[in-house]
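Please look over the sequence and the structure below before reading the notes.

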Amino acid sequence: MEKANRPSRDMPASLEGPEAEAARSSALRILDLVTTKETYHPIHWPAWKKWLIASTYCLLQTLVAMLSTSYISAEIPLQAKFGGSTQVVALGQSLFIAGTAVGPLFLGPLSDIGGRKWVYVVSILVYALCQIGCALALNLPMVIIFMFLSGVAGSTALSNVAGTISDLFGATDNAGQPMALFVMSANTGPSIGSVIGEWIADNPHMGLNWIFWINVVFAGAFSAAMACIPETLPRVVIARAVRRASSLQQVEAATDSAEKAIAQSKINILKEMRFVTTMAFRIMFTEPIVTFLGLFNGFAYGLLFLYLDGIFDVFVVNNNLSVIGADLTYLNFVVGVVVMFTIFVPIQTTLFVRDKRKNGGVSRPESRFLLSLVTVWGFPASLFWFAFTSSGNVSYWSPVIAGGVLGVADPLLWLSMLNYITDTYPHVAASAVSAFLIPSFLLAAGCVHIGIVMFDNLSTKWAFAVLAFVSLGVVALVYVLYFYGRVLRKKSKLARAQD
């Protein structure tokens, strides 16, 4: 058992400037006491329990992410009901995505120091209330504002889930599988959202408002279910377990242990509001690893919405499919993430374990990109393929399959990035993921409007070809991180520098 007064594993003994300021935070000092060696750490829970918790939160993420594209089916009815231009109505979708970037600024750090459970429960209840506001809105500005607030509240399902998975699985050999489930749920939501939204909008017994009411029902059910799920934040779990020790002798036996120190530690949330409000920003502006990963992921995530913007032109105009038929082609992303989860993730896990053995039993965050060194080329390849078969001169199955290839490469890269970040910043995982998602979602929100302009002014061939050329930068990033990631981590203030 490691002692409570041992030096930090991940922070240097001598700190200066902003680094010293970070170290002086009582929240960071207490979080630094926690290691996976503690007996009561949730990483030691039964596998079935950890997978049940992770699966529940990932299903929640699918629900929230679904709204990012189901709203598209509400745009024409909203325009008919309240008026407004296409770009103005699209603000509901883009501000929802922007809201998912704002929420993690405080919800991520708050869950890192105060616990995950009630952040989930309360925020998703607020999400349900905001969706009621969308359903009962009296004008278009009300819809747009409540969509933004829905994004802020629902962002818990997008930022905190990765932190929860880090709590439960850490940097273990099999941590890639639950994180892959997280990525799969994040991509499945937008993929099925458009289809579900179109079905609801066309249903004479449901219509426009039920695009929002269905989220109220699901969110209410999830809030009730999550109230019964145990806390997963290691600091809180360990402290509660030690305090519940069945006898005084057991507690005294832990006097010199880190567990005893954790149990006796207390964090005043109000006094730590500076930590809560600044940690995600601090990481985003002082950790270039996170910032650049977030920007490149913003492009990768934005491709989901740019792709959806081009579906009508490619499959309805060029290939004469119905609107619902065109929406169904978006399910190729679901097929892609299933292929990723069942075939490519096990391969990556095998490569990760092999690299760990070669490194003396110590994992390297960079080894999370081993498979991506090959699969990242699926970005430009699939986009060029889609671009030059999108004009209707060949079977529409060609661009559908090309989109499926993108549906494998895109989430697999996101998975590699998330694993890399949670491995590199284990003590502030939710804050680091939040800092990663802020630029990601802001850039993705911009892609909603960029897509409208692109497909209004360019042919589908050249619109997707432009995206293919831009994606070559994503390829370069993966190689830079794999070969120079360790050097960058050594220069970091908060990253795990040692291998």
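Ser-123 counts as buried, because its relative accessibility is 7% and the cut-off for buried is under 20%. The model is a predicted one.

- Ser-123 is part of helix H8.
- A polar contact of 2.7 Å joins the side chain of Ser-123 to the side chain of Thr-156.
- When residues up to four places away in sequence are not counted, Ser-123 touches Ala-153 and Thr-156.

- Arg-116 is buried, because its relative accessible area is 2% and buried means under 20%.
- Asp-167 also counts as buried, at 5% relative accessibility.

**Salt bridge between Glu-366 and Arg-489**

- The side chains of Glu-366 and Arg-489 form a salt bridge, with an N to O distance of 2.8 Å.
- Why does this pair tie together parts that are 123 residues apart in sequence? Glu-366 lies in the loop between helix H19 (332-358) and helix H20 (372-375), whereas Arg-489 lies in helix H24 (residues 460-490).
- Are Glu-366 and Arg-489 buried or exposed? Both residues are buried.

**Salt bridge between Asp-423 and Arg-368**

- Asp-423 and Arg-368 make a salt bridge in which the closest N and O atoms are 2.7 Å apart.
- Asp-423 belongs to helix H22 (residues 397-424) and Arg-368 to the loop between H19 and H20, so the pair ties together parts that are 55 residues apart in sequence.
- Asp-423 is buried, with a relative accessible area of 3%.
- Arg-368 counts as buried too, at 4% relative accessibility.

**The largest nonpolar core**

- In soluble globular proteins, nonpolar side chains tend to be buried together.
- Which residues have the most contacts inside the largest nonpolar core? They are Leu-60 and Leu-293, in a core of 131 residues.
- Helix H17 (residues 288-317) gives the most to this core, contributing 16 residues.
- Domain 1 (31-249) and domain 2 (266-493) each supply at least three residues to this core.
- Leaving aside neighbours within four places in sequence, Leu-60 is in contact with Tyr-120, Ile-124, Ala-157, Phe-222 and Met-226.

**Thr-188**

- Thr-188 is found in helix H11 (residues 176-202).
- Thr-188 is buried, because its relative accessible area is 15%, and the cut-off is under 20%.
- A polar atom of the Thr-188 side chain lies 2.7 Å from the backbone oxygen of Met-184.
- Which residues does Thr-188 touch, not counting those up to four places away in sequence? The residues are Thr-62, Val-334 and Val-337.

How values were computed. Residues are numbered from 1 along each chain as its sequence is written. This is a predicted model: local features need pLDDT of at least 70, side-chain atom pairs count only at pLDDT 80 or more; totals for chains, interfaces and linings use all residues. Side-chain values use heavy atoms; hydrogens and water are left out. Helices (H or I, at least four residues) and strands (E, at least two) are DSSP runs, numbered from the N terminus. Buried means under 20% relative accessible area, exposed over 50%, partly exposed in between (1.4 Å probe, protein chains only). A polar contact is a pair of N or O atoms within 3.5 Å; within protein, one must be able to donate a hydrogen and the other to accept it, and residues adjacent in sequence count only if both atoms are side-chain atoms. Contact means heavy atoms within 4.5 Å. A nonpolar core is a set of buried Ala, Val, Leu, Ile, Met, Phe, Trp, Tyr and Cys residues joined through side-chain atoms within 4.5 Å. Domain bounds come from an automatic or database domain assignment. A salt bridge is a side-chain nitrogen of Lys or Arg within 4 Å of a carboxyl oxygen of Asp or Glu.
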